[in-house]
Amino acid sequence: MPDDTSESRRRFLGYAIGGIAGAIAFGYALPLANYVVGPSLKKTEEEWSKVGSLDDLKVEEPATLTFSAYMKVGWTERKVEADIWAVRHADGTVTVFSPICPHLGCGYRWDAAAKNFACPCHASIYDITGKILGGPAPRGLDTLPAKVEGGLLYVKYEKFRLGIAEKVVA
Amino acid sequence: MILKSILSWADERLGVGGTLKGLLFKPIKGGAKYIFSLGFVNLFLFVNQMLTGMFMMFYYVPSPDHAYFAVKYIQNEAPFGYMVRGLHYWGATAMVVCVMLHVVRVFVYGAYKKPRELMWLSGAAMFFLVFGFAFTGYLLPWDQKAYWATVVGTNVPGTTPVVGNLIVRLLRGGTDVSAVTLTRFFTIHTMILPWTIAAFMVMHLTILQLVDHAPPWDQNKARKSAPFYPDQVFKDAVLMLLVFATIAFMATVRPGVLEPLADPTDHTYNPRPEWYFFFLFQLLHYTEGRFEIIGTMVLPNLFVLLMLIIPFIDRNPERDPGKRPVAISGLAAALLGYIALTTIAAVSTGPVPISAAPEKPTVTEGRQLYAKLGCISCHAINGVGGVVAPALDHVGTRRDRQWLAGHFVDPQKYAPGSVMPKFDYLTKEDLDRLTDYMQSLK
């Protein structure tokens with residue numbers, strides 16, 4: 001018959017077994033969960049892409065520029081074609097807009113006669129600085145990080161979440 | 001409380017509670033012992049391999065274009081990826097060790113004798129399968145070591161008379177280690193072997209319940225007894241924790257090795273197997289020429305055969321090792337031989353390969369350029385690479401220097417209709433390096 005000491009010994013062993021099993025389960029769960037979830041939550045880091053020459057741009061006249069960017073996804077790297085809207089200013093700086101209308105993602109264009117950007121889908125209108133003038137878009141056009149080096153324009157191509165008032169990287 | 005009511009709810013319907021309780025509290029003859037935990041530790045390590053293996057498949061692609069970069073991503077970029085791969089890598093090593101210890105323990109206890117012959121045979125099958133896992137898992141990272149060790153490893157059975165060449169072709173899915181070999185090994189490693197070993201595991205554990213474990217040979221010691229739970233389970237858990245801590249520690253301080261991308265043209269590479277295959281590696285040093293087959297086929301197959309028939313040739317019911325001089329000295333001789341061969345291989349630096357005439361540095365640089373420029377996505381060498389463009393095996397014998405150098409700059413001029421991009425932006429030095437490399441492919 002089990003006496004008190006053997007009963008408490010059994011209980012202690014039972015707890016110890018549970019503790020060890022729990023510790024090992026945690027030892028697996030922590031790395032495995034991070035391993036699977038991590039890449040889903042990772043912010044994509046963009047590289048500077050060469051977009052074109054400053055000479056191609058006329059002052060205060062928006063132009064669309066197409067370029068190739070290398071996108072690294074997981075272990076793959078692929079070349080993607082992307083385009084941007086660029087506005088050169090008199091002081092030599094350039095404002096670069098994402099080509100995606102922040103309302104629902106259509107491609108908008110520059111209306112040279114009206115001197116504004118117009119989205120053909122739902123008629124959102126923006127001025128040359130990207131400020132929203134009218135239509136359903138919740139915010140102005142999204143600017144992209146840009147720099148000019150040696151007469152060449154470089155851009156960090158990013159995508160933003162659509163349909164909300166704040167500019168948040170997607 | 002809730003657990004208890006769920007369990008009694010289930011038991012009301014299934015009625016297996018009593019049986020399961022019987023198994024859980026079954027008395028262990030001879031009392032709980034750490035040495036009886038080795039089998040359980042192997043089960044734990046198998047679960048470790050399954051779990052980490054499945055998770056590696058989240059990011060692994062079994063193709064020569066991607067495999068290496070996917071493993072690199074797992075190792076260096078995926079969060080805790082080094083740990084997932086490290087647990088698999090060191091788990092494999094631990095499994096080889098624990099499986100060997102388990103076999104030795106069972107042998108010393110005479111547990112292969114009647115009525116446990118089937119227990120031994122199902123265990124022997126798993127023992128061989130573990131080495132099958134080790135061998136097929138090797139190729140999957142597609143690095144230099146993976147490629148070259150597999151080239152050599154698959155050549156070993158090629159020394160068999162008559163059917164050797166056929167075996168090599170069956171293993172590789174062709175004449176060379178290639179993309180087809182990779183998918184083959186991947187399927188064997190992740191599908192065929194796991195299901196096969198799982199079937200044997202079920203057999204092994206079922207038979208264990210039917211024939212019971214082999215108690216100590218000393219009748220006095222065998223009379224002692226302790227319940228499986230918690231006494232033996234506690235010892236199992238402690239050993240499992242120790243093994244887990246060890247492989248996790250090793251995964252942290254000695255992460256899984258990843259050598260440069262496999263290069264089928266780099267004949268200067270001197271492949272060495274994992275330490276547990278050192279015995280075979282070393283054995284092959286001693287058996288050359290027409291005796292080579294002794295090391296490659298005769299001795300390994302003799303060992304396999306011996307393991308399978310030992311319960312039927314050693315039918316003396318005596319289990320006390322002190323009273324089994326032949327069996328125990330046989331075991332000692334096998335162990336000594338294994339340890340000696342492994343040690344010699346470990347301390348020697350290995351032979352200098354015959355083809356080690358030092359390569360021109362420009363050829364090496366050209367090879368690096370070939371990799372960097374992504375030529376491999378269209379061209380193949382030794383069956384590795386794309387199929388869009390002609391294979392470059394022996395291109396050095398087909399084309400002269402002038403043709404090669406000119407062709408890089410303006411492919412269409414030399415091969416009208418070619419889709420190859422112009423490499424006119426390369427410097428003269430780089431073009432020379434690439435040309436030197438191409439010329440070395442003979």
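Mentor: Happy to. Arg88(A) stands opposite Val94(A), which is in strand 4 of chain A. Keep in mind that this is a predicted model, where local features need pLDDT of at least 70, side-chain atom pairs count only at pLDDT 80 or more, and totals for chains, interfaces and linings use all residues. Residues are numbered from 1 along each chain as its sequence is written, while chains are lettered from A and ligands numbered from 1 in the order in which they are written.

Trainee: Which strand pairs with strand 4 of chain A, and over how many bridges?

Mentor: Strand 3 (residues 76–88) pairs with strand 4 (residues 94–97) in chain A, antiparallel, over four bridges. Strands here are DSSP runs of E, at least two residues, and helices are runs of H or I, at least four residues, both numbered from the N terminus. Two strands pair if DSSP finds at least two bridges between them.

Trainee: And what's in the hairpin between them?

Mentor: Five residues lie between the strands, and Gly92(A) takes a positive phi near 95° there.

Trainee: Where does strand 5 of chain A sit in its sheet?

Mentor: Four strands of chain A make an open, antiparallel sheet in the order 5-6-7-8. Strand 5 (109–111) and strand 8 (132–134) are the edge strands, each pairing on one side only. Strand 5 pairs with strand 6 (residues 116–118) over three bridges, in the antiparallel sense. Within that pairing, Asp111(A) has Asn116(A) in strand 6 as its bridge partner.

Trainee: How many helices and strands does chain A have?

Mentor: Chain A has one helix and 10 strands. From the N terminus on, the order is α-β-β-β-β-β-β-β-β-β-β.

Trainee: What about its overall dimensions?

Mentor: The C-alpha trace of chain A spans about 100 × 40 × 25 Å along its principal axes. Its radius of gyration is 27 Å, whereas a compact globule of 170 residues would have one near 15 Å. That radius is taken over C-alpha atoms, and the globule rule is 2.2 Å times the number of residues to the power 0.38.

Trainee: How far apart are the centres of its two domains?

Mentor: The centres of domain 1 and domain 2 of chain A, taken over C-alpha atoms, are separated by 54 Å. Domain 1 covers 1–42 and domain 2 covers 48–156, with bounds from an automatic or database domain assignment.

Trainee: Switching to chain B: is Ile247(B) buried or exposed?

Mentor: Ile247(B) is buried, because 23 other C-beta atoms lie within 10 Å. The cut-offs are 20 or more other C-beta atoms within 10 Å for buried, 12 or fewer for exposed, and partly exposed in between, with C-beta atoms placed from the backbone. Ile247(B) belongs to helix 11 (residues 228–253) of chain B.

Trainee: Which residues does Ile247(B) touch?

Mentor: Leaving out residues up to four places away in sequence, Ile247(B) touches Leu87(B), Trp90(B), Gly91(B) and Ala94(B). Contact means C-beta atoms, placed from the backbone, within 7 Å. Thr93(B) is 154 residues from Ile247(B) in sequence, yet 9.0 Å away in space, C-alpha to C-alpha.

Trainee: Last one: how many residues does each chain bring to the contact?

Mentor: Chain A brings 20 residues and chain B brings 25. On the chain A side, 14 are nonpolar, five polar and one charged. Nonpolar covers Ala, Val, Leu, Ile, Met, Phe, Trp, Tyr, Cys and Pro, charged covers Asp, Glu, Lys and Arg, and the others, Gly among them, are polar.

How values were computed: Two residues are in contact if their C-beta atoms, placed from the backbone, lie within 7 Å.
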